[in-house]
Amino acid sequence: MLQRIDAVRKRPGMYIGSTGPTGLHHLVWEILDNAVDEALIRAVIHAESAYQPDAVSPKGAQGLMQLMPDTQSEVAVSNPFDPAQNIRGGAAYLARLLDEFSDDLELAAAAYNAGPSAVYRHGGIPPFEETREYVRRIKILHRRYAQVL
């Protein structure tokens, strides 16, 4: 599993409502069960929604981690625009993908973007330009967030 981020936990309730990178710090840390490191969660939020909790994609993905309705059901998210629910559900889904793809960050990111079936069908990162760019961006963002957390 990806390396656990060691940090000082803040008291519950410290989240004020800001959804920018700083405002989400406390919320993200309180939600994570260390199955996925905080830098990766932040990278996905950054790439998927630019920290906009009300983001909706043209394909119907919703919230900070841009969960599709079927995925929301799988991870028990009833309100995808609630940052806590969305991060909790997105982290659970990402943890499942990391487990499914033997902690391979590139394959898990590709599956998060294009779906696990596309990764299996293509025997790796699908040849879709969007997915290849997404994986590249997640790796860069993950590295950057890991350096500052």
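**Reading helix packing**

Tutor: In this predicted model, helix α2 crosses helix α4 in a right-handed way. Right-handed means that the near helix is turned clockwise from the far one by less than a right angle, and left-handed that it is turned anticlockwise. Helices are DSSP runs of H or I with at least four residues, strands are runs of E with at least two, and both are numbered from the N terminus.

Student: How are two packed helices described?

Tutor: By the angle between their axes and the distance between the axes. For α2 and α4, the axes come within 11 Å and cross at roughly 110°. An axis is a line fitted to C-alpha atoms, for helices over the stretch in contact, and angles run from 0 to 180 degrees between N-to-C directions. α2 and α4 are therefore roughly perpendicular to each other; angles of 65 to 115 degrees get that name, under 35 is roughly parallel, over 145 roughly antiparallel and the rest oblique.

Student: Which residues make the contact of α2 with α4?

Tutor: Contact means heavy atoms within 4.5 Å. Leu40, Ile41, Val44 and Ile45 of α2 meet Ile87, Ala91, Leu94 and Leu98 of α4. By class, this contact has 8 nonpolar residues, no polar and no charged. Nonpolar covers Ala, Val, Leu, Ile, Met, Phe, Trp, Tyr, Cys and Pro; charged covers Asp, Glu, Lys and Arg; the others, Gly among them, are polar.

Student: At what angle do α2 and α7 pack?

Tutor: The angle is about 130°, and the axes are 8 Å apart. α2 and α7 are therefore oblique to each other, and the crossing is right-handed. From α2 come Ala39, Leu40, Arg42, Ala43, Val44, His46, Ala47 and Glu48, and from α7 Tyr134, Arg137, Ile138, Leu141, His142, Tyr145 and Ala146. The classes here are 10 nonpolar, 2 polar and 3 charged.

Student: Where do α4 and α5 lie in the chain, and how do their axes cross?

Tutor: α4 spans residues 83-100 and α5 residues 105-114; their axes come within 9 Å and cross at roughly 130°. That makes α4 oblique to α5. The crossing is right-handed. Gly90, Tyr93, Leu94, Leu97 and Leu98 of α4 touch Leu105, Ala108, Ala111 and Tyr112 of α5. This contact divides into 8 nonpolar residues, 1 polar and no charged.

Student: What do the numbers rest on?

Tutor: Residues are numbered from 1 along each chain as its sequence is written, and side-chain values use heavy atoms, with hydrogens and water left out. In this predicted model, local features need pLDDT of at least 70 and side-chain atom pairs count only at pLDDT 80 or more, while totals for chains, interfaces and linings use all residues.
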